[in-house]
Amino acid sequence: MKVTFKNSKKYVFLLLFILLFIVIIPLLVTVWFKKSSNSIYEKTFYDQVKTWKENFSLMRCVSLINNDLQNILKDEVIPDFQPYKNVLDSISLTIKEMKRNKIPSHTLVDTLIKIIYSDFSITFDPDYEDIETILPHTVMKNKKGSCLGVSLLFLLLTEKSIDNLYGVLLPGHFFIRFVDSTIIRNIEPNRSGYSHPDSYYYRRYFSQNRTWLGLGNLSSRETAAVLFYNIANILHNKG
């Protein structure tokens, strides 16, 4: 068969037609859908962040991140947060009543320590690379947790009742501090609530070139950031 110039033009147009409708258009549609879905995700994420800023709650942060983890780690059983939240909310009402009745601060702190280590029977787990040792409700479920996981239990119990309980971040460690006009008391999560002085933490965790980290009290937002950072690292290591 002799291919003329006229026939060759037909073949070129045919190839262009195939390329356009089989390759280029589907590719453009795919890119458009991906961009559209990303825009929807970004808007949803923006709305969530805006809500967090306007009505921030550490409890809500734990609930939201737990929902995300259940979707991400489908092969791992991450329990629902709500039943444990109900327990924490119920106990927090008791703490709120104690605060209203002006129970002495040292008694209030002792009560919190009793709830965590006697009533909940929580023990220390050094494995900080396991999500279940960080999420406060899995700490309750398994009765063991890392320094961050146990500290979060303290903070969730008191979020609605005590505004002077803080998290404190150290290199590789996290603990709780109660501060008011009568006492300043550190609560060590790894030793059943034992109270170390600040000097102990400076000696153990800081070298001369790291003292800039300090031993400052974290806000709830900063504590949430520590939680997100640690879980993100665990997910990164899981691939």
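The model is predicted, so to speak of local features pLDDT must be at least 70, side-chain atom pairs count only at pLDDT 80 or more, and totals for chains, interfaces and linings use all residues. Residues are numbered from 1 along each chain as its sequence is written, and side-chain values use heavy atoms, without hydrogens and water.

Start at strand S4, residues 173–179. Strands here are DSSP runs of E, at least two residues; helices are runs of H or I, at least four; both are numbered from the N terminus. Of the 7 residues in S4, 6 are buried (under 20% relative accessible area, 1.4 Å probe, protein chains only).

S4 pairs with strand S3 (residues 165–170), antiparallel, through 6 bridges; pairing takes at least two DSSP bridges. Leu165 faces Phe178 across this pair. The two strands form a hairpin with 2 residues between them, and Gly172 in the turn has a positive phi of about 75°.

S4 also pairs with strand S5 (residues 184–187), again antiparallel, over 4 bridges. Here Ile176 stands opposite Ile187.

Now the largest pocket. A pocket is an open set of points on a 1 Å grid where a 1.4 Å probe fits, with protein on both sides within 12 Å along at least five of seven lines; lining residues have an atom within 4 Å of a point. Its lining counts 28 residues, with Leu169, Leu170, Gly172, His173 and Asn230 nearest the centre. H6 (147–158), S3, S4 and H8 (220–238) each supply at least two. Helix H8 gives the largest share, 7 residues.

Terms used: Buried means under 20% relative accessible area, exposed over 50%, partly exposed in between (1.4 Å probe, protein chains only).
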